[in-house]
Amino acid sequence: MKTCLRFISRFIYISAERNKVASFVSSVRYYNAAAAKTLSDCRWEEGKSSDTQKWSSLEHKGPYFPPEYEPLPDNICFNYDGQPVKLSPVTEEIATFYAKMLDHEYTSKEVFQNNFFCDWREEMTKEERKLIKTLSKCDFSQIHKYFVEKSEERKNMTKEEKQVLKEEASRLMEEYGYCLLDGHREKIGNFKLEPPGLFRGRGEHPKMGKLKKRIQPEDVTINCSQDSKIPAPPAGHRWKRVQHDNTVTWLASWLENIHGRPKYIMLNPSSKLKGEKDWQKYETARRLKMKVDSIRKQYRRDWTSREMKIRQRGVAIYFIDKLALRAGNEKDDESADTVGCCSLRVEHITLHRRLDAQEHVVEFDFLGKDSIRYYNKVPVEKQVFKNLKLFIKHKDPEDDLFDRITTVKLNKTLNESMPGLTAKVFRTFNASTTLQDQLNKLTTEGMTVEEKILSYNRANRAVAILCNHQRAAPKTFERSMQLLQEKVQSTLTHSALMLLEKKEKAVQRLGEQLKKLQLQETDREENKVIALGTSKLNYLDPRISVAWCKKHQVPIEKIYNKTQRDKFAWAIDMTDENFQF
């Protein structure tokens with residue numbers, strides 16, 4: 001019982017209503033109340049939600065709708081075939097979406113142009129459709145210039161003008177940005193509805209340029225508790241529906257028109273329910289440690305099964321485990337051609353009996369999530385190689401590599417091996433394991449804080465590479481590197497001058513400053529095309545990072561920014577320096 005109570009007092013979660021910040025704190029009052037509980041009821045947070053009921057009471061103001069369209073000044077014209085045309089408000093608003101993007105490469109793409117023009121014509125009046133028949137005759141230059149000038153005006157605002165905008169943003173946050181959840185004031189993640197615009201997508205998305213329509217209250221379903229004050233819709237409107245479903249955590253929902261998928265207003269990542277869900281996710285990944293050896297033995301046995309679907313399943317799980325591939329879901333014909341493990345096609349792999357002095361190499365080349373190219377040459381076990389040769393035999397390039405399995409069936413098999421296990425859990429497990437191993441390997445005694453941070457980022461990069469979290473090099477990269485190198489050179493020159501003047505302390509300080517700058521330069525160069533944020537937020541158990549910071553005296557602020565510290569408040573409070581994933 002005492003052990004249980006110590007556990008409770010260490011890991012209990014209290015939503016700090018007055019401070020408006022959810023955090024895990026040691027609560028003496030709750031500790032005393034917990035004394036009446038039995039061992040079987042041990043919990044690390046207050047009011048842990050069940051698998052079905054997430055809350056008892058929920059009250060909020062509903063979403064904030066973007067302002068209605070403000071028509072262009074009379075002196076700003078849209079021209080068609082060299083002649084000014086006065087457009088209806090709806091048609092003009094959509095024209096501004098395109099005009100604002102004239103400097104962007106999207107508007108030079110044929111797919112974007114065709115989708116925009118098709119959707120735009122659907123919203124035109126009959127008279128406008130009769131007149132405007134060809135995009136090439138449309139002249140948006142005046143509208144584009146107008147918005148460029150408006151952008152410059154915003155950049156050149158006075159301090160007082162900026163303060164007015166800041167105060168208005170604060171007012172909206174106070175009114176719409178918080179809800180009452182089981183009596184606690186919790187922050188909402190995305191209370192502002194997205195304004196209408198043109199869909200961009202990632203990579204060569206077939207729907208780029210299509211119109212994202214304005215969301216109306218009649219499109220929105222509100223979720224709140226039955227005894228709460230139901231949020232009032234904007235004047236003259238009504239909600240699509242009001243429901244009281246305490247088995248879900250979203251506050252409002254609607255269908256977006258591009259893909260017909262539901263969108264939600266959710267709690268902020270720092271909220272109690274989000275923190276609890278995060279903790280459970282990483283605990284599931286940690287449990288996989290106890291099962292992973294038996295699962296690996298099983299999928300190896302599957303490689304020699306008489307049933308083709310079992311062989312395919314075994315190879316697919318091997319890829320998910322070894323390469324941290326996403327499972328890959330079935331897609332419709334209007335989605336971007338991105339794939340995961342289960343949706344790989346024959347054309348996405350090339351088999352090499354021997355390549356680069358290695359045997360049984362599989363060369364992968366496909367577009368993963370967000371149209372990020374996955375290219376990798378990986379030596380695999382001999383039986384896997386033999387199975388892949390069998391899987392592609394008598395198939396065309398566009399045929400499925402794993403034609404006998406689906407993501408649903410694969411995840412069902414994984415769940416039978418361990419409750420809660422999915423392909424994503426495997427990805428989280430391997431990502432967190434990699435971070436832990438790399439931190440243990442790269443961090444040594446006597447390092448400066450800057451050297452430790454470089455080691456941390458290198459460990460994080462190893463995970464990002466494993467998970468294929470890439471990015472295009474920032475457009476400002478070359479310039480920022482040039483400025484940093486100039487700063488390094490300036491420090492070197494200054495240091496030399498100081499040496500001549502024999503000012504030892506100053507020279508020592510300059511030497512330390514130079515070392516910091518050189519470490520920054522190395523870190524920035526290595527991080528050029530790697531995206532660290534995705535893995536840090538979604539796949540890496542934050543307790544690994546927190547424990548590393550505490551053990552090696554690295555300020556947590558050096559690893560997590562304010563938003564991330566709020567999201568991982570539970571981990572920061574509950575973790576000591578001895579935690580190992």
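Biologist: Taking helices as DSSP runs of H or I with at least four residues, and strands as runs of E with at least two, how much of residues 148-175 is helix and how much is strand?
Modeller: This is a predicted model, and in it residues 148-175 are 89% helix and 0% strand, with the end C-alpha atoms 32 Å apart.

Biologist: What does UniProt list for that stretch?
Modeller: The unreviewed UniProt entry gives "coiled-coil region" for residues 148-175, and also for 500-527.

Biologist: Moving on to the open sheet, in what order do the three strands come?
Modeller: The order is β5-β4-β6, and the pairing is antiparallel. Because β5 (83-85) and β6 (138-139) each have a single partner strand, they stand at the edges, and one side of each is left without a neighbour in the sheet.

Biologist: Which residue takes a positive phi in the β7 and β8 hairpin?
Modeller: That is Asp182, with a phi near 50°, in a hairpin that has two residues between the strands.

Biologist: Switching to α3, is Thr91 buried or exposed?
Modeller: Thr91, which lies in α3 (residues 89-100), has a relative accessible area of 0%, and because the cut-off for buried is under 20%, Thr91 counts as buried.

Biologist: What does the Thr91 side chain make a polar contact with?
Modeller: The side chain of Thr91 is joined to that of Glu128 by a polar contact of 2.6 Å. Beyond its neighbours within four places in sequence, Thr91 is in contact with Trp120, Glu123, Met124, Thr125 and Glu128.

Biologist: Which residues of α4 are buried, and what covers them?
Modeller: The buried residues of α4 are Phe112, Asn115, Phe116, Phe117, Asp119 and Trp120, and what covers them includes β4, α3, β6, β9 (197-198) and β10 (211-212).

Biologist: What span should α4 have at 1.5 Å a residue?
Modeller: The 14 residues of α4 (residues 110-123) should span 20 Å, and the end C-alpha atoms are 20 Å apart, which agrees.

Note on methods: Residues numbered from 1 in each chain as written. Predicted model: local features only at pLDDT ≥ 70, side-chain atom pairs only at ≥ 80, totals over all residues. Heavy atoms only, no water. Pairing = 2+ DSSP bridges. Buried < 20%, exposed > 50% of the residue type's maximum accessible area, 1.4 Å probe, protein only. Polar contact = N/O pair within 3.5 Å; in protein donor to acceptor, adjacent residues only side chain to side chain. Contact = heavy atoms within 4.5 Å. UniProt positions renumbered as here; feature names shortened; annotations may be inferred. Expected span 1.5 Å × (residues − 1).
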